Amino acid sequence: MKIGFVVNDIATEQPGYTTTRLALTASQLGHEVGLIGLGDFNYLPDGSLGALVRAATDKSYRSHKRYLDDLKASQGEQTALGNFDVIMLRSDPASDPERPWASTAGVAFGQLIASTGVLVVNDPETLATAMSKAYFQHFPEVVRPKTLISRDQEQIASFVKDLGGQAVLKPLQGSGGSGVFLVTKEESPNLNQIIEAIARDGYVVAQEYLPAAAEGDTRLFVMDGKPLKVDGKYAAFRRVNETSDMRSNVSAGGHIREAEITDEMLRMVSAIRPKLVSDGMFLVGLDIVGDKLMEINVFTPGGLGSTQNIYDVDFTPKVIEALERKVQMRSHYPHGLPNKTLAAM
């Protein structure tokens with residue numbers, strides 16, 4: 001199998017990233033693997049698609065750092081993307097503020113690649129709509145916290161008041177906890193300024209604050225609509241912030257702990273499974289607080305290295321094996337299966 005991983009910029013990739021781990025595992029399993037940066041695509045005059053693909057050819061790497069160092073040192077080779085079996089989109093639209101064009105490049109080229117018959121995961125058509133947090137509102141109401149999306153200051157202030165003066169405010173675009181505010185009764189005099197600061201860049205998402213958030217959140221990986229599980233262990237971890245910062249994102253100071261996956265969480269996954277599958281969402285990360293789903297990371301769900309460190313279980317081979325199965329399944333259908341159907345089948 002020939003598999004390509006699309007990242008924001010190969011130069012900024014790190015050994016501990018989930019993408020690096022997936023790429024090395026695929027290589028160790030005997031597959032031909034390459035990494036593609038968002039600035040490396042080409043749409044050629046004859047309608048074909050190509051990219052500068054970087055690869056590390058040694059099959060005996062024992063460390064992710066050595067693997068990534070060799071890959072970064074590669075000059076790369078212009079390669080026809082139609083020769084790939086799978087392209088896995090692992091770029092984050094929100095992490096390239098200095099390159100505005102990069103926010104849509106991965107999805108745009110992903111759509112073109114999928115149109116040639118190459119399997120692209122997660123499905124790029126759905127990813128195009130998921131670039132906004134409004135995508136989250138399409139999932140069952142029972143799993144979501146109460147939410148208002150608006151730029152109307154009075155409407156937002158009234159919603160916060162109805163919630164007892166406590167709410168979470170964040171921008172409609174973005175990820176990683178950037179621009180997230182916890183509003184309390186004590187901070188109510190600053191509410192208008194907070195709303196104005198967020199609204200300068202677009203819509204404001206106002207959400208009920210869940211007291212359980214003080215105890216952190218749980219990241220649970222879901223593959224093909226089901227919790228990712230190996231040797232009886234779920235690919236999941238708790239993130240707890242021991243500082244005064246309300247965010248539990250690792251990038252905001254969160255610490256990793258073992259997660260307890262409850263029946264309530266599994267029922268939550270069952271409730272959203274139909275939409276994940278119908279949307280072609282192959283691998284996602286669910287961020288859960290209490291009995292509510294706070295976010296669905298469909299672009300670059302990270303943390304498989306953390307799960308391995310906690311449980312001494314490597315979950316990456318199961319992800320690559322699922323891609324192998326999809327490629328084999330496609331071979332049984334000479335007239336093809338829609339990308340969205342195959343992506344989460």
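This is a predicted model: local features need pLDDT of at least 70, side-chain atom pairs count only at pLDDT 80 or more; totals for chains, interfaces and linings use all residues.
Residues are numbered from 1 along each chain as its sequence is written, and side-chain values use heavy atoms, with hydrogens and water left out.

Helices (H or I, at least four residues) and strands (E, at least two) are DSSP runs, numbered from the N terminus. Two strands count as paired if DSSP finds at least two bridges between them. Strand β9 (residues 167-171) and strand β11 (residues 204-208) run antiparallel. Five bridges join them. Strand β10 (residues 181-183) is also antiparallel to β9, with three bridges. Here alanine 167 stands opposite valine 183, and valine 168 has leucine 182 as its bridge partner.

These strands belong to an open sheet of four, in the order β8-β11-β9-β10, with antiparallel pairing. The edges are β8 (147-150) and β10. Each has a single partner strand, so one side of each is left without a neighbour in the sheet. The twist averages 25° from one strand to the next. Axes are lines fitted to C-alpha atoms, for helices over the stretch in contact, and angles run from 0 to 180 degrees between N-to-C directions. Contact means heavy atoms within 4.5 Å. Helix α5 (residues 153-162) packs on the sheet and touches β8, β9, β10 and β11. The direction of α5 makes about 170° with that of β8. Helix α6 (residues 191-199) also packs on the sheet, touching β9, β10 and β11. Its direction makes about 25° with that of β9.

Five of the five residues of β9 are buried, so the strand is largely enclosed by the rest of the structure. Ala167, Leu169 and Pro171 point one way from β9, and Val168 and Lys170 point the other way.

Helix α7 (residues 263-278) has 16 residues. The expected span of a helix is 1.5 Å times one less than its number of residues. A kink of about 45° lies at isoleucine 272, shortly before proline 274. The bend at a residue is the angle between axes fitted to the seven residues ending there and the seven starting there. Met265, Met268, Val269, Ile272 and Leu276 are the buried residues of α7. They pack against β12 (217-223), β13 (226-227), β18 (283-289) and β19 (292-297). Glycine 280 follows α7, and its phi is positive, near 70°.

Side chains of opposite charge can pair when their charged atoms come close. A salt bridge is a side-chain nitrogen of Lys or Arg within 4 Å of a carboxyl oxygen of Asp or Glu. The structure holds 12 salt bridges. In one of them, aspartate 287 meets arginine 219 (2.6 Å, N to O). Aspartate 287 lies in β18 and arginine 219 in β12, so the pair ties together parts that are 68 residues apart in sequence. Aspartate 287 is buried, with a relative accessible area of 6%, and arginine 219 is buried at 5%. A network of salt bridges links Asp217, Arg219, Arg239 and Asp287.

Note on methods. Buried means under 20% relative accessible area, exposed over 50%, partly exposed in between (1.4 Å probe, protein chains only).
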